[in-house]
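I opened my notebook to look through this structure step by step. Come along and check each entry against the picture.

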Amino acid sequence: MAHEKSVPAWRNFAAWSAVGATLYCLAVGAAIALVNQNAIGVIVRPSKATAELGLALILFMAVIGFGNRKRRVSFATFRNFLIQNAVGIVTLLFVMWGFGGLARMSAVSFSGWIAAVTGGTLVVLAILGSLATASTRTNLDLVDDEVAAEEMRERGQLFFCGFSWMAAYGLLLLELSLSGPGGLLSPMAAVAGALILILVLTLLGIATWRLSDELGRTLSRESGSIAFHLILVIGGGWAILAHLGFVAAPAPLGWLTLFTVLMFAASFIALGRRKLLTR
């Protein structure tokens, strides 16, 4: 019986790092060319910007290589990589463009910026996840792992509800970041929008729970328990230090962002404990 020989992880790491370096150089060169005609001179000429671009290149190569170390390099995987990153980059640039305009208006506080970045990240991930789930029912199929693709096809409703919940939560953070003192949204508009999104989150949460199997419900309970302890240790510790005057107390929106980050961190910890992140 013939067995397919797997490619060593270090070769995948090297190949995807090279792909990441090529795309990074093309993107940086195009961006510099838009603002400066002599793009090669800007890159080659020794300066602080050159060092920063070099460090960013190394970091980008490491992230791309490590994140795809178990992914074989082929036409299909390279196509999927380009499509996924193109959608993510375009969406992220659109979010950054929108908040760049708000920054010039000084309408967003520091805690608002953190909430906006967190919310924007959730929206981008939800879009990418929904696109990948939808692609498994077409010839495009952006999911390389056939086992994962088959699970997405069989349990598409569950995945769509989960990604919709993530997008709604991200929109809630984005909306709250635009409200408050000096914000673009009035308190009444912000409350109305928050109530609608909370209702949507509740309905999606109920639907996700009903569509989940026993393993999914167990992971949900474990994530809640881990999130509680993380909030107690990190959030409670921060509150104690703020009460004693060692650090500044976080803003109310900062607390909500902290709870969000710890909640998703707890989910990854619960998945990792059951070795569901190794594939």
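**Entry 1: the overall layout.** I began at the N terminus and read off the elements in order: α-α-α-α-α-α-α-α-α-α. That is 10 helices and zero strands. I noted that this is a predicted model.

**Entry 2: burial and surface.** How many of the 279 residues count as buried? I found 31%. For the accessible surface I wrote down about 17,400 Å², with 73% of that belonging to carbon and sulfur atoms.

**Entry 3: contacts along the chain.** I looked at contacts between residues at least 6 apart in sequence, and 71% of these join residues at least 24 apart.

**Entry 4: the largest nonpolar core.** I counted 12 residues here, among them Leu122, Ala126, Phe163, Met166, Tyr169, Leu201 and Phe264. Helix 5 (110–135), helix 7 (156–177) and helix 8 (187–211) each supply at least two residues of this core. Which helix gives the most? It is helix 7, with six residues.

Entry 5: I picked Met166 and set aside its neighbours within four places in sequence. Met166 then touches Leu122, Leu125, Ala126 and Phe264.

Entry 6: In helix 6 (residues 146–154), I found Ala148, Ala149 and Met152 buried. They lie on the same side of the helix, because they cover an arc of only 100 degrees around its axis. What do the buried residues of helix 6 pack against? My note says helix 5 and helix 7. On the other side of helix 6, I marked Val147 and Glu154 as exposed.

Terms used: Residues numbered from 1 in each chain as written. Predicted model: local features only at pLDDT ≥ 70, side-chain atom pairs only at ≥ 80, totals over all residues. Heavy atoms only, no water. Core = buried A, V, L, I, M, F, W, Y, C linked by side-chain atoms within 4.5 Å. Buried < 20%, exposed > 50% of the residue type's maximum accessible area, 1.4 Å probe, protein only. Helix = DSSP H or I, 4+ residues; strand = E, 2+ residues; numbered from the N terminus. Contact = heavy atoms within 4.5 Å. Arc of directions from axis to C-beta. Areas by Shrake-Rupley, 256 points an atom, 1.4 Å probe, with all protein chains shown as cover.
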